[in-house]
Amino acid sequence: MTLKTSPWKPGEYIKTPDDAIAYIEAALEEVGPEGIKAALRAISDSEGMSALARKTGLNRQGLYRALSEEGDPKLSTLNAILDALGLRLSVTRKSAA
């Protein structure tokens, strides 16, 4: 018997801002700064890239490019995406080791 599988699409499981926050935090913790692009790309897919483009005022192609593997989004782009998702960037103190 052959096991059928399908690609895992994390964006399908991100339904609320709290889901998005948890996913971004996990990506940052597990992967580091590069993880935020993959997390935001998955969240953007769940929102719909065209809808997100309208909310951010950025063009869809620019969002795809910024969140691609080769992309290097500016802080203003990340901030616009987070704002459109109802989130914001914050800084906290590292816990003592």
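1. Ser 68 is buried, at a relative accessible area of 19%, where buried denotes under 20% relative accessible area, exposed over 50% and partly exposed in between (1.4 Å probe, protein chains only). This residue belongs to the loop that links helix H4 (60-66) to helix H5 (75-84). Helices (H or I, at least four residues) and strands (E, at least two) are DSSP runs, numbered from the N terminus.

2. The model is a predicted one, in which local features need pLDDT of at least 70 and side-chain atom pairs count only at pLDDT 80 or more, while totals for chains, interfaces and linings use all residues. Residues are numbered from 1 along each chain as its sequence is written, and side-chain values use heavy atoms, with hydrogens and water left out.

3. The side chain of Ser 68 reaches the backbone oxygen of Arg 65 at 2.9 Å. Such a polar contact is a pair of N or O atoms within 3.5 Å; within protein, one must be able to donate a hydrogen and the other to accept it, and residues adjacent in sequence count only if both atoms are side-chain atoms. Beyond its neighbours within four places in sequence, Ser 68 is in contact (heavy atoms within 4.5 Å) with Lys 37 and Arg 41. Ala 38 lies 30 residues from Ser 68 in sequence, with a C-alpha to C-alpha separation of 7.9 Å.

4. Thr 56, in helix H3 (residues 49-56), also counts as buried, at 15% relative accessibility. A polar atom of its side chain lies 3.1 Å from the backbone nitrogen of Leu 58. Residues up to four places away in sequence aside, Thr 56 touches Leu 63, Ala 80, Ile 81 and Ala 84.

5. The axes of helix H1 (residues 17-30) and helix H2 (residues 33-47) come within 7 Å and cross at roughly 150°. H1 is therefore roughly antiparallel to H2, given that angles over 145 degrees count as roughly antiparallel, under 35 as roughly parallel, 65 to 115 as roughly perpendicular and the rest as oblique.

6. Buried residues account for 33% of its 97 residues. The C-alpha atoms fill a box of roughly 50 × 40 × 25 Å, taken along the principal axes.

Notes: Axes are lines fitted to C-alpha atoms, for helices over the stretch in contact, and angles run from 0 to 180 degrees between N-to-C directions.
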